[in-house]
Amino acid sequence: MQEDVLSMSKHPVVLIPGDGIGPEVTAATQRVLAAAAAPIEWIVCQAGLAALAQGDDVLPQSTLDAIERCRIALKGPCTTPVGEGFTSVNVQLRKRLMLYAAVRPVRNLEGVPTRFAGIDLIIVRENTEGLYSGVENQVTDDVVMSMKIATQTACTRIAHWAFRFATQRRRRKITVFHKANIMKMTDGLFLRTARQAHQHEYPNIDYQEMIIDAGCMKLVQDPTQFDVLLLENLYGDVVSDLCAGLVGGLGVVPGANYGERGAVFEAVHGSAPDIAGQGVANPLALLMSAVMKLNHIAEDMDDRECGIIAERIKSAYNRALQDSEKTRDLGGSLGTEAFASAVIERLR
Ligand code: ATP
């Protein structure tokens, strides 16, 4: 076994530790992947406050270049100043690398009791435009304005991506959340392109449209009625956290950002400055993102071994949760490193 591992070539993956709890959860994730003998060569790059502290740009060109070279990154959260300061690094990265599709699987985990059982949702979020355009203006002393942008190109691209993804993953239904009754042009375009993708190319997938406020109510009444949710940028952000709350919180929802030039895997949660440096953050969401990354390598680079290792890690963290080995956010008492150790002990 050891010889097989040594003979396997390693995949270069950019690792961005990030800010706040980022360095803690990335270190724990790296430790689990190393224990599982995942064939990964980490290329550590900085972004966010950590990059600024080194006298670099908040999103250094060298980090972008490294991701373009490797085509894969695992990223810890980067802190975004609220109401002032620089543009979100997370948003900049998605735009600069044109990572237009965010995917967040939301599922119940055994050992994490929640109000509903049987939740198995996938959120597909458009990642490049909408109210995240960053176009804000002071119009008069009294008026400020934020621009919501929708393009035919990006709406069509995400609609096709979502239907293709749903088809490949054998999902049954896509529901688009929108507010096209009020934002007739922008959300109207988002809706029209999704409808067209369904009618012209993907009639195999059931299709549903729902006004977002009603959709949120239905989500908290019975989330099991949904399968794949397709949303524009801001709605995707908000609904991701809502859905995380349905399955145990931000500590258990992973994510991936896909584009033509690469893929960046990151948890849905932010840098959680309130608990940073205390060793109590749940590393599971980033570990689950790393499992998505291994599966992506398995599929994209035809490396079966990565798929097997992903499955071993998944079984190990599932067993840890079943044995009530949990961090504080899930009602347990383990710290970040102790949870990682509990997963490592269960690797088979
Ligand atoms: P952002 O704007 O980047 O989404 P935020 O401050 O809105 O950041 P988070 O940083 O994700 O949101 O934190 C929201 C809450 O969830 C905080 O109370 C935080 O402590 C908690 N939290 C987030 N991630 C984790 C985690 N991995 N483990 C434990 N608690 C977490």
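This is a predicted model: local features need pLDDT of at least 70, side-chain atom pairs count only at pLDDT 80 or more; totals for chains, interfaces and linings use all residues.
A polar contact is a pair of N or O atoms within 3.5 Å. One of the ligand's nitrogen atoms sits 2.9 Å from a polar backbone atom of Asn282, so the pair falls inside the cut-off for a polar contact. Taken on its own, the ligand has 620 Å² of accessible area, and the protein covers 60% of that.

Who else is in the neighbourhood? The residues around the ligand include a run made up of His269, Gly270, Ser271 and Ala272. Also on the list are Ile21, Leu250, Asp274, Ile275, Ala281, Asn282 and Asp329.

Ten strands make up an open sheet, and reading across it gives the order 2-1-3-12-11-4-5-10-8-9, with mixed pairing. Strand 2 (40-44) and strand 9 (206-211) are the edge strands, each pairing on one side only. From one strand to the next, the twist averages 25 degrees. As a reminder, strands of a sheet pair through backbone hydrogen bonds, either parallel or antiparallel.

Both kinds of pairing turn up here. Strand 11 (residues 256-259) and strand 12 (residues 262-266) go together in the antiparallel sense, over four bridges, and Tyr258 stands opposite Ala263 of strand 12. Strand 10 (228-231), on the other hand, has parallel partners: strand 5, over four bridges, and strand 8, over three bridges.

What covers strand 10, and on which faces? Both faces are covered. Val228 and Leu230 point to one side, Leu229 and Leu231 to the other, and all four of these residues are buried.

Finally, there is helix 6 (residues 152-168), which lies across a whole set of strands: strand 4 (101-107), strand 5 (120-126), strand 8 (173-178), strand 9, strand 10 and strand 11. Relative to strand 5, helix 6 runs at about 160 degrees.

Terms used
Residues are numbered from 1 along each chain as its sequence is written. Side-chain values use heavy atoms; hydrogens and water are left out. Two strands pair if DSSP finds at least two bridges between them. Helices (H or I, at least four residues) and strands (E, at least two) are DSSP runs, numbered from the N terminus. Axes are lines fitted to C-alpha atoms, for helices over the stretch in contact, and angles run from 0 to 180 degrees between N-to-C directions. Contact means heavy atoms within 4.5 Å. A residue is near a molecule or strand if one of its heavy atoms lies within 4 Å of it. A polar contact is a pair of N or O atoms within 3.5 Å; within protein, one must be able to donate a hydrogen and the other to accept it, and residues adjacent in sequence count only if both atoms are side-chain atoms. Accessible areas come from the Shrake-Rupley method with a 1.4 Å probe; for residues, only the protein chains shown count as cover. Buried means under 20% relative accessible area, exposed over 50%, partly exposed in between (1.4 Å probe, protein chains only).
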